[in-house]
Each structure stands twice: as structure tokens, then as C-alpha cells.
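Trainee: I would like to go through the labels on this structure. Can we set each one against its definition?

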Amino acid sequence: MEQTWQVQKKHINKNPLMKLILRKFNNDVIETISLINPKTVLDIGCGEGFVTIEIAKKINSKIVGIDKEKDAIKYALSNNKLENIEYSTGDIFKLDYFKDKSFDLVMSLEVLEHLENYEKAIEIMCKLSKKYLLLSVPNEPWFRIANVLRLKYLKRFGNTPGHINNWTRKEFRNLCMGYGKIIKFKTSGVWNIVLIEVN
């Protein structure tokens, strides 16, 4: 529940700068997705659905959002009034109820930094995608520096609790190149967003 609340807290934050940064991130994600106009989207680690809903408003796609946190999905279901989204509880490492190549786009935003076996997670996403993968992670060291400037997580040198992986822009780009052709790579505020045409 603590992690769920932290994500929710970020998205309902009234700080004008935080709202601006998140709005830019959402717009950059939507702009990137609009390059490929997918009909079906799987959003792995959708949390409470804040970004999923923004995407569904602008992109004419059927979106399935999954998250392993039951409280997050409960919140998403209670706040979703859009017909083109459905939510369910699910673990990225236990998605064999989906057939291979089930979705035009598989996306996972702000998830990989939390996973020990992130390579396996990306491989699973590639299997589920017909063609495209969209990922985002914090842009280090700038994400941690921003936390320090906000006087957050000082004992952890700005590293957000739950973040066990950290990538610079170059490191993340190099990682993604191993899974296909990079269609777009964009730094949005303190995050890196990449669209990949999978091998």
C-alpha cells in the first residue's frame, strides 16, 4: 500500500512545478504513442491508472492496464469512466494467460527501476507485443539530484525507495538497443522515454 500511495501522491500533488513536469511527461508519452497509432495496448504496471487514463483520452485504442498491487487497481477501477480501458490485477512475470503477440503496443512506465530481473520483464513484453514496446525510467543522476533538491530521501542520496536499478540516458538507450530498433528516444523532465520496434 505504501508504494501505491507514493505514486498516487505524486499524481495528485498540488505543487505547480510537479504538475507541470507530470503534464509534460504525459504529453510526451501520448505524442510518442501517436506515432504508431496502436489499436490494442497493454499497460504493465499501470498503478492507479493516472497515465493510462490520459492516454485513453487522446489515443483511440483499447487499453488493458495491469498492476500487481490490488489497492492500485481498486483505485483505478473506481476512477475510470472510459470505455476503452479495462483494469485487472496481474504480475508481469505471470502473464501466460495472454497469447504471444496479443497487443500492437506493450508499455511499461516507471516500472523497470523496481525490478531485479528487468531483462526477463522486457523479454516477456517483447513476446506479448506484435510490434512495439514503450518504456520509461528515471533519467539518472538527474532524478536523484531533483529529489535531493526537494530534500527528499537524503539518507539514500536521493534514490527513491523501491528503486533498485538506475540508468543514465546513454545506459538506458544502450539497453533498449538490444531489444529492437529505437523509433524514438526522448528525455522528458527527469524521465527517459523510448519507443522500440521489437526484433
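Trainee: Why is Arg144 called partly exposed?
Mentor: This is a predicted model, and the value is computed from it. Arg144 has a relative accessible area of 27%. Buried means under 20%, and exposed means over 50%. Arg144, at 27%, falls in between, so the label is partly exposed.

Trainee: What makes Arg144 and Glu140 a salt bridge?
Mentor: Their closest N and O atoms are 3.1 Å apart. The cut-off is within 4 Å, so the pair qualifies.

Trainee: Is Glu140 buried or exposed?
Mentor: Buried. Its relative accessible area is 3%, and the limit is under 20%.

Trainee: How many salt bridges does a search of the whole structure find?
Mentor: Six. One of them joins Lys57 and Glu54, with the closest N and O atoms 3.3 Å apart. That also passes the test of within 4 Å.

Trainee: Where do Lys57 and Glu54 sit relative to each other?
Mentor: Both are in helix 3, residues 50-58. They are three residues apart, so about one helical turn separates them.

Trainee: Why is Lys57 called exposed?
Mentor: Lys57 has 52% relative accessibility. Exposed means over 50%, so Lys57 passes. Glu54 has 27% and is partly exposed.

Trainee: What makes Lys62 and Glu86 a salt bridge?
Mentor: The N to O distance is 3.5 Å, and the rule asks for within 4 Å. Lys62 lies in strand 2 (residues 62-67) and Glu86 in strand 3 (residues 85-89), so the pair ties together parts 24 residues apart in sequence. Lys62 is partly exposed at 35%. Glu86 is partly exposed at 41%.

Trainee: Which residues of helix 4 are buried?
Mentor: In helix 4, residues 70-79, Ala72, Ile73 and Ala76 are buried.

Trainee: How do you know that they are on the same side of helix 4?
Mentor: They cover an arc of only 95 degrees around the axis, which puts them on the same side. Lys70 and Lys74 are exposed on the other side of helix 4.

Trainee: Which residues make the nonpolar surface patch?
Mentor: Trp142, Ile145 and Leu149 make it, with an area of about 360 Å².

Note on methods: Residues numbered from 1 in each chain as written. Predicted model: local features only at pLDDT ≥ 70, side-chain atom pairs only at ≥ 80, totals over all residues. Heavy atoms only, no water. Salt bridge = Lys/Arg side-chain N within 4 Å of Asp/Glu carboxyl O. Helix = DSSP H or I, 4+ residues; strand = E, 2+ residues; numbered from the N terminus. Buried < 20%, exposed > 50% of the residue type's maximum accessible area, 1.4 Å probe, protein only. Arc of directions from axis to C-beta. Patch = residues over 30% accessible without salt bridge, like charges linked within 9 Å, V, L, I, M, F, W, Y side chains within 5 Å. Areas by Shrake-Rupley, 256 points an atom, 1.4 Å probe, with all protein chains shown as cover.
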